[in-house]
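Please work through the following exercises on helix packing and on pockets, using the structure shown below.

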Amino acid sequence: MSVLPSATRAVLGACPHDCPDTCSFVTTVQDGVALKVQGNPAHPMTDGVLCAKVSRYTERTYHPERVLSPLRRVGPKGSGRFEPVGWDEALDDIAARLAAIAARDPQAILPYSYAGTMGLVQGESMAARFFHRLGASLLDRTICASAGAEALTQTLGGKLGMKVEHFAQAKLILIWGSNSIGSNLHFWRLAQQAKREGAKLVCIDPRRSETAEKCHEHLQILPGTDAALALALMHELVANDWLDHDYIARHTLGWEALRERALQWPPERAAQVCGIDADQVRALARDYGTTKPAAIRLNYGMQRVRGGGNAVRAIACLPALVGAWRQPAGGLLLSNSSRFTSDRATLQRPDLLAGRHPRTINMSTIGDDLLRAASAPFGPRIEALVVYNSNPVAVAPESGKVVAGFAREDLFTVVLEHFRTDTADYADYILPATTQLEHWDIHGTYGHTDVLLNRPAIAPLGQALPNTEIFRRLARRMGFDEPCFGDDDEALCRQAFGEAVDFDRLLAQGFAPLPVPDAPFADGGFPTPSGRCEFFSERLARQGLDGLPDHLPNHEAIGSSARYPLAMISPPARNFLNSTFVNVKSLRDIEAEPVLEISAADAAARGIVAGSVVRVFNDRGAYRCKAVVSERARPGVVNGLGIWWRKLGLDGTNVNELTSQKLTDLGRAPVFYDCLVEVQAA
Ligand code: SF4
């Protein structure tokens with residue numbers, strides 16, 4: 001008797017990763033097994049296509065190294081030696097140890113999480129309720145985007161910008177600080193459409209990325225000089241009167257002061273700072289001043305330097321100067337996440353703090369903070385760390401200190417994870433978390449303006465549990481009996497946007513567009529205190545900061561150190577997304593090994609040949625990887641592609657061994673791309 005294969009079914013989901021595209025996907029399931037994950041053809045932004053990384057989601061979900069039961073440490077911290085343990089035993093012990101610390105001071109407990117999932121439910125819902133109720137330290141989630149976010153807020157009034165679909169109708173697109181092919185693929189498809197219809201594409205990036213190669217022009221500026229370029233563009237707009245005087249008069253604040261600032265930046269001055277020709281600056285200004293509609297796609301790479309906030313402020317002033325906002329295909333997009341007015345108070349319940357005001361720890365300085373003793377200004381020493389949706393040992397800056405902190409034998413560390421990451425190796429307990437195919441979630445996004453729902457396609461593998469359920473069970477053991485700890489995941493999804501989004505529509509089609517105007521600032525209406533695009537920010541001035549955008553040299557400016565003459569940036573390797581996917585073999589096989597891109601001139605000066613192992617170092621540490629002698633690196637700048645798991649690199653380190661814990665001008669963010677190094681043949 002032949003056995004017929006059972007029918008397959010398609011389940012609508014959403015990509016959970018830290019990527020502006022937030023794709024809608026369809027998982028094909030047969031007999032409870034996910035066979036494949038594909039882009040949802042009905043979702044306009046996704047258009048049926050996923051990137052290479054998430055196309056392999058089933059490989060990641062069914063990875064033989066998935067953690068599928070709770071694990072307890074049996075070896076020294078960091079040794080990666082664990083034994084299986086039952087859920088009840090693990091959670092009883094964790095709850096007892098957290099309760100003992102909380103009895104002394106709950107602020108000695110720190111949650112540590114970021115965008116391992118961008119989902120609002122498996123991100124900060126039940127977890128936030130738990131830590132608020134506990135009174136744990138708060139976490140300042142700065143590691144990626146807070147400099148740019150603060151800059152947009154000060155200038156435009158929020159994380160707001162163009163609707164991404166309108167880039168297809170632009171006639172000039174500046175792709176500024178973004179390797180869109182690698183990290184914003186669906187925007188790149190729109191840019192290609194614009195290009196076919198005659199648009200000019202200009203890339204501004206220290207790296208000659210895959211995207212830069214395919215644009216008409218590439219301005220390969222030095223890291224951390226974007227504001228100088230933007231100010232020189234303004235200089236030329238003024239000098240040639242390529243200005244929309246009516247828009248400036250009616251919809252901006254601080255024009256006269258900004259004009260004076262811009263006039264201090266002739267193209268020659270900026271060219272010297274940026275390391276490019278003055279004629280390139282003039283040509284770009286001419287294009288920007290005379291092409292309509294002109295659109296800027298800014299991404300977060302360029303704000304990972306000391307002056308990153310000012311740079312975003314300067315660039316965000318440009319569209320108002322030429323009146324680009326008047327048209328749907330003109331303006332700027334860094335993020336539209338302020339459009340997503342999710343009900344965070346309901347999801348996260350800060351009222352559970354009940355009048356307590358715990359201290360806030362900046363996640364970008366976790367290396368220093370784990371090593372800090374108790375003191376009056378700092379508060380108690382961090383005694384317990386609960387990590388979820390993050391891999392700080394690999395991704396936080398200055399990893400020598402991060403590792404030293406995680407290695408403290410007196411630190412109690414719990415890690416919710418899919419795999420034994422670098423961070424999980426330092427855990428006292430690893431708790432198996434579900435992947436996006438195994439749980440409910442709901443998503444906003446920063447790259448388009450649709451809400452997405454993720455339904456579970458398969459049952460949790462092994463003993464894995466959703467983050468929400470892990471915190472629910474912990475809450476019960478801690479005696480937290482507020483009804484909100486009983487909300488199930490579908491209820492949390494419904495609470496996320498309340499009446500603002502049609503949940504039935506989400507259930508039916510997986511996505512629901514927000515009502516967003518096509519040209520949001522055509523008639524001004526910026527949600528700033530003045531209602532205008534604020535070239536001058538009174539709010540910044542009141543904080544003792546410069547009210548106008550300016551160029552701030554890097555903390556570690558190129559040329560400032562004889563010992564470390566090279567500037568290093570660490571953009572993502574194309575097949576990795578931060579540290580996610582590094583252990584997916586088919587993707588790691590493409591990347592092969594950690595590499596440092598170095599120019600032919602810098603390699604020759606050091607006797608480095610292509611493919612040789614090099615030592616990259618500065619006062620913070622050293623890192624070994626393979627040299628790729630390539631035009632992708634300009635002379636004076638090296639590109640250390642990230643973010644490898646330390647234990648999968650050449651000598652148990654990664655590029656963050658070299659980065660610093662210094663912070664940006666705005667937003668208290670890290671400065672990953674503001675880092676001087678030297679390189680030598682190993
Ligand atoms: S990582 Fe980005 S491009 Fe890839 S599937 Fe997810 S949202 Fe889409």
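**Exercise 1.** Describe how helix α9 passes helix α12.

*Solution.* Step 1: the crossing of α9 with α12 is left-handed, a term used if the near helix is turned anticlockwise from the far one by less than a right angle. Helices here are DSSP runs (H or I, at least four residues), and strands are runs of E with at least two, numbered from the N terminus. The model is predicted: local features need pLDDT of at least 70, side-chain atom pairs count only at pLDDT 80 or more, and totals for chains, interfaces and linings use all residues. Residues are numbered from 1 along each chain as its sequence is written, and side-chain values use heavy atoms, without hydrogens and water.

Step 2: the axes of α9 (residues 226–239) and α12 (residues 267–274) cross at roughly 165° and come within 9 Å. Therefore α9 is roughly antiparallel to α12 (angles over 145 degrees).

**Exercise 2.** State which residues of α9 and α12 meet.

*Solution.* Step 1: from α9, Ala228, Leu229, Ala232, His235 and Glu236 take part; from α12, Pro267, Ala270, Val273 and Cys274. Step 2: sorted by class, this contact of α9 with α12 has 7 nonpolar, 1 polar and 1 charged residues.

**Exercise 3.** Identify the element that gives the largest share of the lining of the second largest pocket.

*Solution.* Step 1: α7 (185–196) and β20 (511–513) are the elements giving two or more residues to the lining of the second largest pocket. Step 2: the largest share, 5 residues, comes from α7.

Definitions and conventions:
Axes fitted to C-alpha atoms, helices over the stretch in contact; angles between N-to-C directions. Parallel < 35°, antiparallel > 145°, perpendicular 65-115°, else oblique. Contact = heavy atoms within 4.5 Å. Nonpolar A, V, L, I, M, F, W, Y, C, P; charged D, E, K, R; others polar.
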